[in-house]
Structures are given as structure tokens and as C-alpha cells.
Amino acid sequence: MPETARRIVLASRPVGEPKPSDFRLEEFAVPQPGPGQMLLRTKWLSLDPYMRGRMSDAPSYAKPVGIDEVMEAGTVSEVVESNNPKYQKGDIVLSRAGWQTHMLSDGSGLRKLDPNVAPVSTALGVLGMPGMTAYAGLLEIGKPQPGETVVVSAASGAVGSVVGQIARIKGARAVGIAGGPDKCRYVKEELGFDECIDHRAPDFPDKLKTACPKGIDAYFENVSGAVWDAVFPLLNTFARIPVCGLIAQYSATEAPEMKFRTSQIFRAVLTKRLTIRGFIVTDFAAKHADFQRDVPQWIKEGKIKYREDIADGLENAPAAFMGMLKGKNFGKQLVRIAE
Ligand SMILES: NC(=O)c1ccc[n+]([C@@H]2O[C@H](COP(=O)([O-])OP(=O)(O)OC[C@H]3O[C@@H](n4cnc5c(N)ncnc54)[C@H](OP(=O)(O)O)[C@@H]3O)[C@@H](O)[C@H]2O)c1
């Protein structure tokens, strides 16, 4: 029986939280590579919050996925047939195949991975885009100094977990914010943050204040909403705020209720001389070599730990993705497509 390929396409643009009918699983014939091309088979699919943005056609920094088009994603793939002299059958590559089992490639945009150096799935997490986001956003904008207090939201996740651990490497106090006692315990006990506060606890703002007795010198924003409302009054003079993500708003259908008005925020920006800077990881491409030098070394030294949350099978990608947007993932969300 010839192998059948499968893909998940965007069936409709979600209004509010994505739902199963916004996705459609399709089968198609495994494509045949032409001259210079190769056939890639997906091993690992990365699920990331930015994909919620790609499902919407609201103006953004990147083009949306079109209706009936394959959902976009970073992947780790195996070369199963090659007419390209630079790649051999059996090579493992970092690719952008999207939510599908097979793809043709002419080799552009691919990076070979060495499974002897690190598990290849880490190229989508701690050693990939989320790790680089944490590294560059924290060091280039957050600029943690010894003895300072660094707070990060979504602290058990792919980006946040690395932010807090790098803050500690730089001699700062790391305070995480995460959803629920299990995630908070992991962040404190396994990742070594100084504190981790549950944003779902009714007295969350008070607890955060107690955890930051000297205020907050850098806040790595992944979430927005009620978490920002609790952080904002604690910011110190000259605090730095890398604005990395606003996941609490991604599926909002109207402007979220937030406690502080623009006038109050601008007043604090002026009087406390705050630096609030949004960034997209690709802004810091020039730092990629530094990232590739430092983070693998810190992992080797046991200074950075990571956790993966693995769903099995392409058909389970939509549920895992919808769950991640609600905090059901515990660590970097991946889908294992093939061994
Ligand atoms: N700027 C960039 O270039 C860039 C690149 C990569 C990622 N990002 C952003 O970085 C952030 C983290 O991404 P990630 O890949 O590391 O994902 P992640 O943290 O592994 O997963 C998302 C987490 O967000 C938290 N969350 C969801 N809704 C929330 C809410 N209403 N309030 C508080 N927390 C909520 C949940 O954690 P809890 O259970 O702990 O609440 C969930 O587990 C996202 O905002 C993403 O868009 C930005």
C-alpha cells in the first residue's frame, strides 16, 4: 500500500477561542521530488501561540494563513528521498513544513540537525525559536543585573522557563508567574526560580507583591490582562519591560478590561523612566550565534532545564493547540508525528 500523506488546513477563521471545526484534516498523495528537490517526512511539529495570530486576518507583523491552506509551523523532518546533492536520505533537518506529514523542499531555509548533539525535538524549543526569544528578549531589552528582581509570566512554558533561568545565571532574583500549584512547584523546585506565584489564586496581586519586596526591575511580558495589572504597580524606576507576547488577548473578541488606563501607564513611563519595548525574535537575528554558544553550554552545565509536553499524532494537533492557549500544556508543546 502506498503511504498516504496528511495535512491540517485552516477551515475557518476563529471568532474567539479556536474550535475543532476551524481545522480540517485532509489526506493527499505523497508528493514525488523533482530535480534538486527532496521529500521530507515530519517527525516533530511545534505548536506555538503565534499560530493563533496566523489564523486571523487582522493586520499583524506576518501574513495570515489562508483559508484551506496548511497551518504554518516549525517542524523537525527526516529526508526520505533526495535529489539534492546537499542532503542525504536519513538527514534530519529543521524545517517549516507546517501541520502536515510530508513536504517537498529544494533545501532553502533548512538547517541540518545532529541527533548526537541534542535530542532533535529541542530545535523547536529550548534550542530553537522559543529559547532564542527568551535569550534575546531578556538580555537585549530586560538587561538583568545582579541582585535585581526579574519577573516573567507563563513561567513554566517554552519561553518563560528559559527567561527565569537566564535571569538567575545573570545573578538576578527570578520570580515566575504560572497557572496552578503544579506548574508553580515545578518552576521553583525544578527550574530553581526564587519564587513562583499562581495567577489563578484569588490573592494573586498581594502574593506577587510579597514575592517582590524590592519591587520589579525587569518584567518579561508573555501574557497581559490581569497579570499585567498585578505587575504594573510594582515596577521600579528604570524598569525594563520586554513585551514578548499577550496570550491572554489572542482570542479576545473585544478590548479586554484592564485596570490601568493609558494615562496612568504613560505617567509611570515618564516618572519611573520605564522602557517598554515590543519585539519579534527575528529582530535579534544578529544574536543567534551568541545564543547557540551560550544555551547549549548552560544546558550541559545543568543551569538550564527544560520540559516538553508531547501530543501524539497529527490528528491531535488541534486539541493540543487549543489546550495550549488555555494553559493545558506543561512545557514546550510538541506533536510527535513519526518516530
Ligand atoms: N515575540 C516573539 O517573537 C515571540 C516568540 C515566541 C513566543 N512569543 C510569545 O511568548 C509567550 C509564551 O509562548 P510559549 O511558546 O512559551 O508558550 P507557553 O508558555 O509554553 O504556553 C502558553 C502559556 O500561556 C499561559 N496563558 C495562556 N492564557 C493565559 C492567561 N489568560 N493568563 C495567564 N497566562 C496564560 C499558559 O500558562 P499558565 O498555565 O502558566 O497560565 C500557557 O501554558 C506567548 O505570548 C507567545 O506569543 C513571542
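**Rings and a pocket in a predicted model**

Ring pairs join Tyr219, Trp228, Phe232 and Phe260 into a cluster. The model is predicted.

Reader: What makes Trp228 and Phe232 an aromatic pair?

Author: Their ring centres lie 5.3 Å apart. The cut-off is 6.5 Å, so they pair.

Reader: Why is this pair called tilted?

Author: The planes of Trp228 and Phe232 are 40° apart. Under 30 degrees would be stacked and over 60 edge-to-face, so the pair is tilted.

Reader: Why does Trp228 count as buried?

Author: Trp228 has 8% relative accessibility. Buried means under 20%, so Trp228 is buried. Phe232 counts as buried because its value is 6%.

Reader: How many aromatic pairs are there by this rule?

Author: The count is 11. Among them, Trp99 and Phe321 form a pair at 5.7 Å centre to centre, with 75° between the planes. Over 60 degrees counts as edge-to-face, so this pair is edge-to-face. Trp99 sits in the loop between strands E5 and E6, and Phe321 in helix H9, 222 residues apart. Trp99 and Phe321 are buried.

Reader: What makes Arg7 lie over the face of Phe28?

Author: Arg7 is 4.2 Å from the ring centre. The distance limit is 6 Å, and the charge must also be within 35 degrees of the ring normal. Lys112 lies over the face of Tyr87, at 5.2 Å.

Reader: Which element supplies the largest share of the lining of the second largest pocket?

Author: Helix H8 does, with 6 residues. The pocket holds about 410 Å³ of space. Of its 18 lining residues, those closest to the centre include Val117 and Pro296.

Note on methods. Residues numbered from 1 in each chain as written. Predicted model: local features only at pLDDT ≥ 70, side-chain atom pairs only at ≥ 80, totals over all residues. Heavy atoms only, no water. 1 Å grid on protein atoms, 1.4 Å probe; cavity = no way out; pocket = protein on both sides within 12 Å on 5 of 7 lines; lining within 4 Å. Points joined across faces, edges and corners; volume = space filled by probe spheres on them. Helix = DSSP H or I, 4+ residues; strand = E, 2+ residues; numbered from the N terminus. Phe/Tyr/Trp six-rings, centres within 6.5 Å; stacked < 30°, edge-to-face > 60°. Buried < 20%, exposed > 50% of the residue type's maximum accessible area, 1.4 Å probe, protein only.
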